[in-house]
Amino acid sequence: MKTSTPMVQALIDAIGEQAVVWHDDDLLVYEYDGTIDRGNPDVIALPANTDDVVNLIKVANKYDAPVTPRGAGTGLSGGALAVKGGVIIGMNRMRNILNVDAENKTALVQPGVVNLDLGAEAERHGLAYAPDPSSQRACTIGGNVAENAGGPHTLAWGTTTNHVLALELVTADGEVQWIGHETRDEPGYDLVGCVVGSEGTVGIVTQVLVRLVPRPTAVRTMLAVYDSVRQASNAVSAVVASGIVPAALEMIDKMTIAAVEPVLNTGFPLDAEAVLLVEVDGPESQVEAEGARVEGILNRFEPREVRSATDPEEREHLWAGRKGAIGALGQIMPNYYLLDGVVPRTKLPDVLDGVYEIAERYRLPVANMFHAGDGNLHPCLLFDELEPGATERVLDAGGEIMRLCVEAGGAITGEHGVGLEKRDYLPWIFTEADMDTMKSLRAAFGPTENFNPCKIFPKGHGCGEAGHQHAQHQIAKFGPKAFV
Amino acid sequence: MSIASPPPSNETIWLTQDRPDAAELGLCVHCGFCLNACPTYHDLGVETDSPRGRIALMRGLDSGRIEWSPRVQQHFDQCLQCRACETACPSKVPYGRLMEATRAEAFAHDKWPRRQRIIWRLIMRGLFPYPRRMRLAGYGLMIYQRTGMQAIVRRTGLLRRFAPKLADIDELSPVADKPFYANKEAENIRPSHPVRGRAALVTGCMMPLAYPETHRATVRVFTRNGVAVDAPDAQVCCGALHAHGGDVEAARALARRNIDAFTPESDDLPDAILINAAGCGSHLKEYGHLLRNDPDYRERAAVFAARVRDVHEYLVEIGFQAPRGLIERTVTYQDSCHLSHAQNVRKAPREVLRSIPGLTLSEMRKPDKCCGSAGIYSVVQSEISQRVLAEKMEDVLATSAEQVCTANPGCMLQLDAGIARFDDERRMMPRSTHAIELLDESYRLGDQVQDP
């Protein structure tokens, strides 16, 4: 049996035995997130408060160990994977909602608070927390901040960065800093904006002051059923062009419906090529007027049917079909590779055609369910890792799809972050000089090289092949097929 | 970037046919949606004690990457088997089945400490399967309670000091409620015309001793609704606790006896096999799976399972009479995990409660989160169970309810213990209830009003 290392012992001394996980078999459950990548941490530290975070960072510094923050491990870009080993800081025990200020519409939360739990607390005050990633039932605010998470309702409300007013950051030096201010606008540089979306590379966020928004008094959710993807994407473009900003505008294609419908009984017709989920909210009169206009536009593109959810339960049912889509794909194939690209909305129909073409060429089923209104695509390539060569084919196809998005004038991530998965695509959209500038910004936060290494920046940028070597080491240790 | 390679199946680790199914393990895409639904992840804050983590451990055993250490076993033991993760899972991983399979293997591997094995054999194999021994134990409990011994034990706290586990059992022990329910009682009540159906009631091992009135209410309610209810006398404990614990051989033996008792003739089947205990109900519905490798019983088990109905479910299915008797009371409904997560019955109990004139249903936060009872978990893992209960009681006491209503005897006992411990203002009724009892009460009050 493995005995503890000096670093493990030092961590136990610093934050207590109950807060340190280090046995090999226990570490197994911290090597994955929601992606197909793996990383093998040496130890997991589970702080209970900011002091614990400071203390464990000091220990990590002493042993020159990488630190990787982790919330619920639901991420889709490998952000929470300890690629170079070292310490995973599990923030999930810091899960208190410290204060809700209903009058000023803010909430002070610890990073381990689950997105939906914050939403439920806000609701008790007649308010809402707007960013609603599909994993909101489990994902944490800390992870949302790290990845600048979005969700269906970011079309109207913006992503996480538009909802964070201030945050407490433990820097690489182990210092505690408050950044930002409870007023909406602060003089000087927007440092909060730098931290949100930094994917754990500049420090560890230990408290977040978020903005809450009023709950809409009325909501109308519409389902439009189309016989072709092109009709559906044209309808999306037309809605956006009309000047109306729906609260959400989602597209779900046939393959996704095939996965979702048998499990969740959402009422999506199995033979439709695509359905759109459109939501308008606000005051009653506005919802009525905008709803009617949106319905008119949807009807122009020859839908088979447009219907509205009439009660909250039906609405929730429709959304369950969208938000449960990713997991439900497990019904069709054992593995999936979920991409996250953004394209200008007018390019949606062409890029979607390209996605289907690439998938067909690589003989891979593809499911699309995405934030159409934002032009944020989520092609999901389905495969079975047991089939020889399938994983490589998936990665190649994924690369081509990313390339397609970039060539259409888009970008390689809309809301999942670059993480480990897409770091090698970064040079497609940034020059060396751009990336150097980003690195000097990162350096301005202190000696941050050990903070979530091998993320965002491509290989050879302070990380090299280390992650890969680490994996090779694991493979040598357990055999080539030993990954769960 | 390191990419996952397929795991080889390690044929040597599994000893029985009951092993976790590799294809079912493969359904988990580790999206993490289950984490926040899991009471033990919430309580312990480590992924090893989350559904996703436990599945990774099962896969790790399956692929031979990890040893079946006592630490790994502990993560399996700490699972409540509440199956809230199944409700949260978009891939529909049959977690409950996987955990039962893993426990069955742990049982076969003799992974338990010796003392635990001996106690299991004495109680689960020596007592629960035998109705007459259960009844004797019931009388013993009654003597202990009625002579004031229990009161002395609790007041002095001696048991708590010297045998904390026994003190847990004492605290959670039901009030032995005489007269115990006799299966023959059911025959004494027949519906007035017309008879709409015939049901066979599963009376179970503990309910006749602890909650005989729930059975009497069940028979009265269905009789009034035109269903003739019988309770076959040859029936035994359903074996749910055995299956949850991994003692599948004992569970199978009990299942066979019940199939013989309830469906002796294949051409004369009851319309419904009725059960008012959620934990038993979900297990009875799994009889087909449990006996899938038994050529003699496979088909009969599937037929049996297909006829099992929870009482709430069946009431709504047949369309029950609206009760008229006024019960002016506010109740809150705790979804029993094995009714909501395992059987997906959530609306029916609420429909029953809402049909009662004067009764108000005050919903708690997260009503389908486990109360920590989980069969024998409240005794075996009492520390976690107590913390889960404490959180539950906060939610219960935050409502305006005067009484808790739930759908399983284990939950009722656990919540009663919770009320005794946490309801400092003594605002709630000390005993929780079952919706069928409230419905019965309302029917009877309605009758009194009509013919004074």
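Two residues are in contact if their C-beta atoms, placed from the backbone, lie within 7 Å. The views below show a predicted model, in which local features need pLDDT of at least 70, side-chain atom pairs count only at pLDDT 80 or more, and totals for chains, interfaces and linings use all residues. Residues are numbered from 1 along each chain as its sequence is written, while chains are lettered from A and ligands numbered from 1 in the order in which they are written.

**View 1. Domains 1 and 3 of chain A touch through four residues on each side.** Chain A is divided into domain 1 (97–214), domain 2 (218–327) and domain 3 (329–407); the bounds come from an automatic or database domain assignment. The centres of domain 1 and domain 3 of chain A, taken over C-alpha atoms, are separated by 30 Å. On the side of domain 1 of chain A that touches domain 3 of chain A, two residues are nonpolar, two are polar and none is charged. Here Ala, Val, Leu, Ile, Met, Phe, Trp, Tyr, Cys and Pro count as nonpolar, Asp, Glu, Lys and Arg as charged, and the others, Gly among them, as polar.

**View 2. An open, antiparallel sheet of seven strands in chain A.** Helices (H or I, at least four residues) and strands (E, at least two) are DSSP runs, numbered from the N terminus. Two strands pair if DSSP finds at least two bridges between them. The strand order is S15-S12-S14-S13-S18-S20-S16. Strands S15 (305–308) and S16 (335–338) of chain A are the edges, each pairing on one side only. Neighbouring strands are turned by 20° against each other on average, direction ignored. S12 (residues 218–226) and S14 (residues 274–282) of chain A run antiparallel and share nine bridges. In S14(A), A:Val275 is the bridge partner of A:Val225.

**View 3. Strand S20 of chain A is mostly covered.** Five of its five residues are buried (20 or more other C-beta atoms within 10 Å of the residue's own; exposed means 12 or fewer, partly exposed in between; C-beta atoms are placed from the backbone). A:Pro379, A:Leu381 and A:Phe383 point one way from S20(A), and A:Cys380 and A:Leu382 point the other way. S16(A) pairs with S20(A) in the antiparallel sense over four bridges. A:Asn335 has A:Phe383 as its bridge partner in S20(A). S18(A) is joined to S20(A) by three bridges, again antiparallel. A:Ala367 stands opposite A:Cys380.

View 4. Axes are lines fitted to C-alpha atoms, for helices over the stretch in contact, and angles run from 0 to 180 degrees between N-to-C directions. H11(A) has 12 residues and reaches 16 Å from first C-alpha to last, close to the 16 Å expected at 1.5 Å a residue. The expected span is 1.5 Å times one less than the number of residues. A:Leu318, A:Trp319, A:Gly321, A:Arg322 and A:Lys323 are buried. Their cover includes helix H9 (254–264) and helix H12 (325–328) of chain A. Helix H13 (residues 348–361) of chain A lies across S18 and S20 (379–383), at about 155° to S18(A).

**View 5. Domains 2 and 4 of chain B are in contact.** Domain 2 covers 114–172 and domain 4 covers 322–450. Their centres, taken over C-alpha atoms, are 25 Å apart. Five residues of domain 2 of chain B contact six residues of domain 4 of chain B. The domain 2 side has two nonpolar, no polar and three charged residues.
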